[in-house]
Amino acid sequence: MIPACRLADLPRGEAHRLDIDPPVSVFHTDDGELFAIDDTCTHQDASLADGWLEGCEVECPLHASKFDLRTGAVDAPPAKLPVRTHEVVVEDGMVYVQLSTAAPNLPPCISARLAGGPA
Amino acid sequence: MRTVAVVGASLAGLSAARSLRKQGYDGRLVVVGDEPHRPYDRPPLSKEFLAGTLGEAELALETDDEDLAAEWLLGTRAVGLDHRGRTVRLADGREVRADGFVLATGAAARTLPGSEGLAGVHTLRTLDDARALRDELARGGRLVVIGGGFIGAEVASTAYALGLEVTVVEAAPTPLAGPLGETMGAVVSGLHADHGVRLVCGVGVKGLSGESRVDAVLLEDGCSLPADIVVVGVGARPNVEWLEGSGIALDNGVKCGADGRTSLAAVVAVGDCANWYDPRAGHHRRVEHWTGALERPDAAIATLLAQGAVEPGVPRPPYFWSDQYGVKIQFAGHAAAADSVTVEAGSADGRDVLAVYRRAGDPVAVLGMNQPKLFTRWRKQLGAPR
């Protein structure tokens, strides 16, 4: 498990990005629930932690793709592939993330960079 | 309602078809499109697709496993709406009878009079336009872009990155002054000069020269700009000629209420062809943004299925983005309504500005250059009920 942040440092309606590779973000919804998903939009290189959080949905800050925080599913285009979801555990006021072992769906520009091709 | 015809197969038409199924409509669904292609994403046509870094398959808007149970009539244009007979007539002679209609025929790029048939002159709206322009840009040379708006600026940025010698001509003294206001229009269009792209402002285009192929753009002040390729980016006009004589109210597109209802029962309009009433602004405002084509069909379909018996909500403020020279430009709201513009973060010179437009102290619009996080915060605030 990866320590993310103290729960007290993550107010409702906010997100905290873990700068791991690929980055993961923890969202604290207005209803007080915690969710962790891959931070990078599957459409293009954008940080979902910078996006518009509403209910259990986050909208990409650039092109308005929407992802369901509970399942990672795409609720609105242009994204077509889901983000991974990760388990969140809170212990003694600390937020931890248990990373998914599934393969991430990264946008084409990032996939190309990781493959050593042109970015 | 047993049959709904969606006329238009781009983002607005697809979003309407999705809304119909999402809202429980299980009758026959016919989608008519004038292009031969399944719905595709247009914003990359002036950016990644034109640059050659994104292929055609990646433009598809539908997912692989998506099935809307629709009949797709593609590659055929709608030429008439017979409201009494509940029929849409198509250019190939076919007719589609339906109980409900969604008009989503979009807009077409304006052209330069007298440029027809001259090789090397392009507009950019469709996938076919983008393919043709991409092939020409790949050969290099001198590009003149007529119009300093977003499409023109994005093409200039892409062509610059491809190594072409680029000049942008804008008739107004400041490009983008309409959507962004004078001050910020100058800041954003300053990106051209930052990269050595020549920007000529405040002078109109008299015409083009060339026998079979364009060789120069002639300006009103007597100057001539040598050109191997010309892109005309002077705006778009709504595709509504086919509705003339149908009895539907037209005014800068299809005149609509705040939920897409038109003057005809069981007919709604969405996307670039639709001139919706904007309750925030207090007047009609035709929005040509991608996000409008994505989001507004939900409300229009609710109205269509309820046969007009729902109260229209207040849509989110219009939002659009543009990518130029590696800078993410984002804008939401109405610049024209503002009486002041203040820089809240970053700086104009640093090209990382976050500017807030206010009217009598209330935020009415926000502009961000490479400021996605702050921009989203302000955009949310604009959308909050007051």
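Guide: First, a definition: strands (E, at least two residues) and helices (H or I, at least four) are DSSP runs, numbered from the N terminus. Also, this is a predicted model.

Visitor: Where is A:Pro22, then?

Guide: A:Pro22 sits in the loop between E2 and E3 of chain A. The peptide bond leading from A:Asp21 to A:Pro22 is cis. Its omega is near -5 degrees.

Visitor: How many residues are in the hairpin link from E2(A) to E3(A)?

Guide: Five residues connect E2(A) to E3(A) in that hairpin. Strand E2 covers residues 14-18 of chain A, and strand E3 covers residues 24-28. The two run antiparallel, joined by five bridges. For instance, A:Glu14 has A:His28 in E3(A) as its bridge partner.

Visitor: Which residues does the cis peptide bond with omega about 10 degrees join?

Guide: That bond joins A:Pro77 and A:Pro78. A:Pro78 also lies in a loop, between strand E8 (74-76) and strand E9 (85-91) of chain A.

Visitor: Zoom out. How many helices and strands are there in chain A?

Guide: Chain A has one helix and 10 strands. Reading from the N terminus, the order is β-β-β-β-β-β-β-β-β-β-α. The radius of gyration of chain A is 14 Å, close to the 14 Å given by the globule rule for 119 residues, so chain A is as compact as a globular protein of that length.

Visitor: What box do the C-alpha atoms of chain A fill?

Guide: Roughly 45 × 25 × 20 Å, along the principal axes.

Visitor: And what percentage of chain A is buried?

Guide: Buried residues are 39% of the 119 residues in chain A. As for contacts with a separation of 6 or more in chain A, 41% are between residues 24 or more positions apart.

Visitor: How many residues of chain A and chain B are in contact?

Guide: 13 residues of chain A touch 14 residues of chain B. On the chain A side, the classes are nine nonpolar, two polar and two charged residues.

Visitor: Over to chain B. What can you tell me about helix H7?

Guide: Helix H7 of chain B has 16 residues, 290-305. From first C-alpha to last, H7 reaches 24 Å, close to the 22 Å expected at 1.5 Å a residue.

Visitor: Where does H7(B) bend?

Guide: At B:Arg296, by about 35 degrees. A proline, B:Pro297, follows within four residues.

Visitor: Now the chain B strands. In what sense do E24 and E25 pair?

Guide: Strand E24 (residues 340-345) and strand E25 (residues 354-359) of chain B pair in the antiparallel sense, over five bridges. B:Ala345 has B:Leu354 in E25(B) as its bridge partner.

Visitor: Where does B:Arg351 lie?

Guide: B:Arg351 is in the loop between E24 and E25 of chain B. B:Arg351 is not a glycine, yet has a positive phi of about 55 degrees. B:Arg351 counts as partly exposed, because 19 C-beta neighbours lie inside 10 Å. The cut-off for buried is 20 or more.

Visitor: How many bridges join E25(B) to strand E26?

Guide: Six bridges, and the strands run antiparallel. E26 takes in residues 362-369 of chain B. In this pair, B:Val356 is partnered with B:Val366 in E26(B). The hairpin of E25(B) and E26(B) has two residues between the strands, and B:Ala360 takes a positive phi near 50 degrees there.

Visitor: What about B:Asn252: buried or exposed?

Guide: B:Asn252 counts as exposed, because it has 12 C-beta neighbours inside 10 Å. B:Asn252 is in the loop between strand E17 (236-238) and strand E18 (254-255) of chain B. Its phi is positive, about 50 degrees, although B:Asn252 is not a glycine.

Visitor: Last one. Which residues is B:Ala119 in contact with, leaving aside neighbours within four places in sequence?

Guide: B:Ser212, B:Arg213 and B:Val214. B:Ala119 itself is in the loop between strand E8 (107-109) and strand E9 (121-122) of chain B. With 12 C-beta neighbours inside 10 Å, B:Ala119 counts as exposed. B:Leu68 is 51 residues from B:Ala119 along the chain, and their C-alpha atoms are separated by 40 Å.

Key. Residues are numbered from 1 along each chain as its sequence is written. Chains are lettered from A and ligands numbered from 1 in the order in which they are written. This is a predicted model: local features need pLDDT of at least 70, side-chain atom pairs count only at pLDDT 80 or more; totals for chains, interfaces and linings use all residues. Two residues are in contact if their C-beta atoms, placed from the backbone, lie within 7 Å. Ala, Val, Leu, Ile, Met, Phe, Trp, Tyr, Cys and Pro count as nonpolar, Asp, Glu, Lys and Arg as charged, and the others, Gly among them, as polar. Two strands pair if DSSP finds at least two bridges between them. The radius of gyration is taken over C-alpha atoms; the globule rule is 2.2 Å times the number of residues to the power 0.38. The expected span of a helix is 1.5 Å times one less than its number of residues. The bend at a residue is the angle between axes fitted to the seven residues ending there and the seven starting there.
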